[in-house]
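Visitor: Hi! I'm new to this one and would like a tour. Could you put it up on the screen?
Guide: Happy to, here it comes.

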Amino acid sequence: QVQLVESGGGSVQAGGSLRLSCTTYRYRLSGTNMGWFRQTPGKEREGVASIAFGGGAETYYAASVTGRFTISRDNAKHAVYLQLNSLKPEDTAMYYCVADRQDYYTWVRGPLMASTYPYWGQGTQVTVSS
């Protein structure tokens, strides 16, 4: 079982930045593909960004965040990060860290699909005011 714990959410004005962190508490990230999703009430979960363990740490981003958000990972610290820059009010959501231990060639078929990830954190709230 992979336990994921997010932190770093908060309230910020439009144009501001936040850095979200996700730790796995000693669970080795070896072989684990990671990602971030977000959800607002009444809407489906949206894949925001993901990063492969293999494949040269290949990354994927939703079109709505490309150029503003950056995902990264530190396997030695059992952590994955999401840097959120140039935030907009429409970025307001609960952000979830996710993990998947499938091989790269299976994972890459749906790196931003919720069904790809069996492990989810509890979420951290990001609120952006105009």
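Visitor: How many bridges pair β9 with strand β11, and in which sense?
Guide: Three bridges, and the sense is antiparallel; β11 covers residues 124-129. Two strands count as paired if DSSP finds at least two bridges between them. Before we go on, this is a predicted model, so local features need pLDDT of at least 70 and side-chain atom pairs count only at pLDDT 80 or more, while totals for chains, interfaces and linings use all residues. Residues are numbered from 1 along each chain as its sequence is written, and side-chain values use heavy atoms, with hydrogens and water left out.

Visitor: Which residue stands opposite tyrosine 95 in β11?
Guide: That is threonine 124.

Visitor: What else does β9 pair with?
Guide: Strand β4 (residues 33-39) is joined to β9 by seven bridges, running antiparallel. There, asparagine 33 has aspartate 100 as its bridge partner. Strand β10 (residues 119-120) is also antiparallel to β9, with two bridges, and tryptophan 120 in β10 stands opposite valine 98.

Visitor: Is β9 mostly covered or mostly open?
Guide: Mostly covered: of the eight residues in β9 (93-100), seven are buried. Buried means under 20% relative accessible area, exposed means over 50%, and partly exposed is in between, using a 1.4 Å probe and protein chains only.

Visitor: Switching topic: what is the strand order in the open sheet?
Guide: Four strands form it, in the order β1-β3-β8-β7, with antiparallel pairing. At the edges are β1 (5-7) and β7 (69-74), each pairing on one side only. From one strand to the next, the twist averages 15°; the axes behind such angles are lines fitted to C-alpha atoms (for helices, over the stretch in contact), and angles run from 0 to 180 degrees between N-to-C directions.

Visitor: How many bridges are there between β3 and β8?
Guide: Six, joining residues 18-23 of β3 to residues 79-84 of β8. Arginine 19 stands opposite glutamine 83 in β8. On the β1 side, β3 pairs over three bridges, and glutamate 6 faces cysteine 22 in β3.

Visitor: What does the charged end of arginine 19 sit over?
Guide: It sits over the ring of tyrosine 81, 4.0 Å from the ring centre. The rule asks for NZ of Lys or CZ of Arg within 6 Å of the ring centre and within 35 degrees of the ring normal. Arginine 45 likewise lies over the face of tyrosine 96, at 4.8 Å.

Visitor: How many aromatic pairs are there?
Guide: Six. Rings of Phe, Tyr and Trp (its six-membered ring) pair if their centres lie within 6.5 Å; planes under 30 degrees apart are stacked, over 60 edge-to-face, and the rest tilted. One of the pairs is tyrosine 60 with tryptophan 107, edge-to-face at 5.8 Å centre to centre, with 75° between the planes. Tyrosine 60 is in strand β6 (residues 59-61) and tryptophan 107 in helix α1 (residues 104-107), so this pair ties together parts 47 residues apart in sequence.

Visitor: Is tryptophan 107 buried or exposed?
Guide: Buried, at 0% relative accessibility, whereas tyrosine 60 is partly exposed at 24%. Tryptophan 107 also pairs with tyrosine 104, in a tilted arrangement at 6.0 Å and 40°. Ring pairs also link Phe37, Tyr96, Tyr117 and Trp120 into a cluster.

Visitor: And which strand holds serine 50?
Guide: Strand β5, residues 46-51. Serine 50 is buried at 0% relative accessibility, and a polar atom of its side chain lies 3.1 Å from the backbone oxygen of proline 111. A polar contact is a pair of N or O atoms within 3.5 Å; within protein, one must be able to donate a hydrogen and the other to accept it, and residues adjacent in sequence count only if both atoms are side-chain atoms.

Visitor: Last one: where is histidine 78?
Guide: In the loop between β7 and β8. Histidine 78 has a positive phi of about 55° although it is not a glycine. Most residues other than glycine have a negative phi.
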